[in-house]
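This briefing is meant to be read alongside the sequence and the coordinates. Please keep both in view while going through the points below.

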Amino acid sequence: MAGFERLLSLWVGLAMLGGIALGATTPGLFALIAGAEIASINLVVAVLIWAMVYPMMLGVDPAALGGIARQPRGLLITLAVNWLIKPFSMALLAVLFFEHLFAPWIAPEDAAQYVAGLILLGAAPCTAMVFVWSQLARGDATYTLVQVSVNDLIMVVAFAPIVALLLGVTEIAVPWETLVLATLLYVALPLGAGLLTRRLLRGPERIARVQARVKPVSAMGLIATVAILFGLQGEVILDRPLIIALIAVPILIQSYGIFAIAYAAAYALKVPHRIAAPCALIGTSNFFELAVAVAISLFGLHSGAALATVVGVLVEVPVMLSLVAFANRTRQQFATV
């Protein structure tokens, strides 16, 4: 398994290509998968993400929750980056590229749609996949859970006002079903399963052995998820490669820039790496189900805004894997307490 994980980027790349190929050759299969959806959340993908999240939830120690208050800096960095920097920097980059730098190649009405989609991405911090990235970076499972939970609570009250401000749309219909269902599927259920497993196993040695056994399921779930996501969007990728590439440019700059800000802040504040890595990765990743759902409700299924949020989904996995690799290579530079 160690050798398999070292080549994870290769397997993910092959999954992307395989997903596109399967989407083109077996459209009926992917139409069936796409139809298994409730409140803009694909149930097949949800099961796979659950499989990815569960191994990390086994590492959540309720007894350690009291210690979070002694390490507030990681949480403060996460909240500052997610809510004071990320939405506004994404809006700035979107306007810069699509209303100025890319203006000669894109119609103004299309540019406005892409800007809207990127703003929705920037205002929706990750809920589910961050557990996977944290696990790959050997982050503190308990602290990551707290970071995600606090983020979700803030998102309930802050998402709509921020989007309304940046889009200039006074009424944002937040898809509460998507928010609630995603929190239930990606946080509550796997957390409950993890805590129940810990209680049944009774002992850190047994827990560690079970974690080691189920860890391969997380990597396999990631690869299967990537194949499905790229299979579902394969037609768009093949039909509009130039537009996909243009939309990806500000997303890439935003992703690496946000990570750099959060990671550098954690280093400067002497945050331990097991907390620093997840706090930087949370700010970089996106809650794409929420962004896609709002884009469709505001602008329509086939809008440029919806397309921009989909590109965010496609870009996220390779970007996050590269950042996880960087975080692992720089582990020794951080505090170890």
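Which residues in H7 meet which residues in H8? In this predicted model, Val-130, Phe-131 and Ser-134 on the H7 side meet Thr-144, Leu-145 and Val-148 on the H8 side. Sorted by class, that contact of H7 with H8 is made up of four nonpolar and two polar residues, with no charged ones.

**Geometry of the helix pair**
- Two packed helices are described by the angle between their axes together with the distance between those axes.
- Helix H7 spans residues 129–136 and helix H8 spans residues 141–167, and their axes come within 10 Å and cross at roughly 155°.
- Because angles over 145 degrees count as roughly antiparallel, H7 and H8 are described as roughly antiparallel to each other.
- The crossing in which H7 passes H8 is right-handed.

**Surroundings of Arg-331**
- Arg-331 is found in the segment that follows helix H15, which covers residues 304–329.
- With a relative accessibility of 16%, Arg-331 counts as buried, because the cut-off for that label is under 20%.
- When neighbours within four places in sequence are set aside, Arg-331 is in contact with Ala-137, Arg-138 and His-273.

**Confidence of the prediction**
- The pLDDT of the chain averages 84, and 93% of the residues score at least 70.
- Confidence in the chain is lowest in helix H1, residues 2–6, where the mean is 58, whereas helix H12, residues 241–268, has the highest value, at 94.

Conventions: Residues numbered from 1 in each chain as written. Predicted model: local features only at pLDDT ≥ 70, side-chain atom pairs only at ≥ 80, totals over all residues. Heavy atoms only, no water. Axes fitted to C-alpha atoms, helices over the stretch in contact; angles between N-to-C directions. Helix = DSSP H or I, 4+ residues; strand = E, 2+ residues; numbered from the N terminus. Parallel < 35°, antiparallel > 145°, perpendicular 65-115°, else oblique. Left-handed = near helix turned anticlockwise from the far one by under 90°. Contact = heavy atoms within 4.5 Å. Nonpolar A, V, L, I, M, F, W, Y, C, P; charged D, E, K, R; others polar. pLDDT = per-residue confidence, 0-100. Buried < 20%, exposed > 50% of the residue type's maximum accessible area, 1.4 Å probe, protein only.
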